[in-house]
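Here is a friendly briefing to read with the structure open beside you. Take the topics in any order you like.

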Amino acid sequence: METCIGLALAVTMIQLLGAWLRYLPFKGELSAVTEKYLWHCFAVVAALQTAAYMALFTAKGLNVFTYKLVMYTGFLLYVFVSVYLIRQRWLQHLFVISMQLMWALFIHAASNTLTSELPLPITGVQQYLALHTVFYLLVFALTLPLARHFFRNLLPPPYLFAEKRTGLYMALLPLGLGLSHMMLLADDRIVYNWNDHLSRLMLSLWVFLFYRFMVILVRRTEEQDREENNYLLMNQRINALEDYTRLTWERQEEIMRIRHDLRHYNRLLLSLIESGETKKAADLIIAQEGEILAASLPTYCQNPIINAALGVYVQRAQEQGIPVTHTVKLPPQLSMEEKDLAILLSNVLENAIIANMRQSADRRGLNVSLQYHQPQYILSVENRCDTPLVFGEDGLPITEEKGHGLGMASLRDFCRKYGAETDFRQQDGWVRVLMYWADT
């Protein structure tokens, strides 16, 4: 009876440690409330499973079958709890489960090797199983610093899971290798030979080496993409600056013409007043005021950088025959880096203009709203788009077109930096992105 209780507690501890490893990759994104609730649920599962294991071992006996049954199936309840509380990340969950399975296989192989090969006075199956669990916990404790570092940094960049097919392949590779090898362990044997031990250890080693190679490859690809995006972003800024400079010169030339004609205008106005033709004089004043207003650059807000970004892209949209409506209400001083908001606006508006240009002339439209309602900023951009979009797991559109995707990358960077929430959707021929973030 004591052996059943001790082994039930040890198996529960092993599975609770596995749940802890699977929790580490998501630790940084969990709120304190969710994290606390997660561990409360884990504690309840652990208590129930310990009682269930004790009842099983007592009723069916402590043997190889019952031991492997609880070791193979007991972790599933912890997985269900994690997936339920950490939602909308099922591909990441699948990948983490796969890698934790490979880690458990490595620890199991190492502990089984120690139990089988060390000259210990083992007299029966129950003693063997008890020593196996002791060695499992010992090996886990010895490798704990490595495991903690590895699983804290386990998840690859989110964009690898944005395209579900790629994320599924990446998650299923270690899972398939682990399950294929564990099928060989689903028998009534407890003692294995050196070839079995070496095979399991080498399999885990090669999987982790392959993962390390993949991480290095992804980082190099990220660096190349970052350099390319920086180049494209620089070109975009230069083009926007050229457009704004062009608009400024055009308006300045128009103002210079108005100033040149001002002498003639004053003479004509004086003549109309002297002759008593006040109605014509008033019409002349109104016309002249309209010319002056048309020659000046539109003012959307008091911030020059944001105003320039809006001015360039609203003007560009109007030049392409895209009807534009805009509402901008910002405080004189922003509580963020102005260039970040300007870059975000430029990228989102440029994407909206590109989407509009693929529409027929009678099905174009662009609505822009950027407002501050203390303590929150709200950005809404709507544009016409009849072409169905493909959304990734993060809810943002994805594309395989070369040279595209910079706008979404900029949006993701902004969200990470300012904690912005984003809602991207397509409905009735309109695409709308709604973003809001708190005042900092």
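This is a predicted model: local features need pLDDT of at least 70, side-chain atom pairs count only at pLDDT 80 or more; totals for chains, interfaces and linings use all residues.

- Side chains of opposite charge can pair when their charged atoms come close.
- Lys 417 pairs with Asp 340 in a salt bridge, with 2.8 Å between the closest N and O atoms. Lys 417 belongs to helix 14 (residues 406-418) and Asp 340 to helix 13 (residues 338-357), so this contact ties together parts that are 77 residues apart in sequence.
- Lys 417, at 46% relative accessibility, is partly exposed.
- Another salt bridge joins the side chains of Glu 382 and Arg 432, at 3.9 Å from N to O. Here too distant parts of the chain are linked: Glu 382 sits in strand 3 (residues 376-384) and Arg 432 in strand 5 (residues 430-438), 50 residues apart.
- Both ends of that pair are partly exposed, Glu 382 with a relative accessible area of 25% and Arg 432 at 33%.
- Lys 27 is partly exposed, at 36% relative accessibility.

**The cavity**

- Rolling a probe the size of a water molecule over the atoms shows where empty space is left.
- The largest cavity has a volume of about 40 Å³.
- Which residues line the largest cavity? They are Arg 22, Phe 26, Val 79, Ser 82, Val 83, His 93, Val 96 and Ile 97.
- By type, the lining of the largest cavity splits into five nonpolar residues, two polar and one charged.
- Helix 4 (76-85) and helix 5 (90-117) each contribute at least two residues to this lining.

- The buried residues of helix 4 include Tyr 78, Val 79, Val 81, Ser 82 and Leu 85. Viewed down the axis of helix 4, its buried residues fall within an arc of 160°, so they line one face of the helix.
- Turned away from that buried side, the face of helix 4 carries Phe 80 and Tyr 84, which are exposed.
- Val 79 and Ser 82 of helix 4 are buried, and both are also among the residues that line the largest cavity.
- Helix 13 has 20 residues and spans 28 Å from its first C-alpha to its last, close to the 28 Å expected at 1.5 Å a residue.

**Backbone details**

- Most residues other than glycine have a negative phi, and most peptide bonds are trans.
- Pro 375 lies in the loop between strand 2 (366-373) and strand 3.
- Asp 428 is found in the loop between strand 4 (421-427) and strand 5.
- Is Asp 428 buried or exposed? Asp 428 is exposed, with a relative accessible area of 67%.

Technical notes. Residues are numbered from 1 along each chain as its sequence is written. Side-chain values use heavy atoms; hydrogens and water are left out. Buried means under 20% relative accessible area, exposed over 50%, partly exposed in between (1.4 Å probe, protein chains only). A salt bridge is a side-chain nitrogen of Lys or Arg within 4 Å of a carboxyl oxygen of Asp or Glu. Helices (H or I, at least four residues) and strands (E, at least two) are DSSP runs, numbered from the N terminus. On a 1 Å grid over the protein atoms alone, a cavity is a set of points where a 1.4 Å probe fits but cannot get out, and a pocket is an open set with protein on both sides within 12 Å along at least five of seven lines; lining residues have an atom within 4 Å of a point. Grid points are joined across faces, edges and corners, and a volume is the space filled by probe spheres set on the points. Ala, Val, Leu, Ile, Met, Phe, Trp, Tyr, Cys and Pro count as nonpolar, Asp, Glu, Lys and Arg as charged, and the others, Gly among them, as polar. The expected span of a helix is 1.5 Å times one less than its number of residues. The arc is that of the directions from the helix axis to the C-beta atoms.
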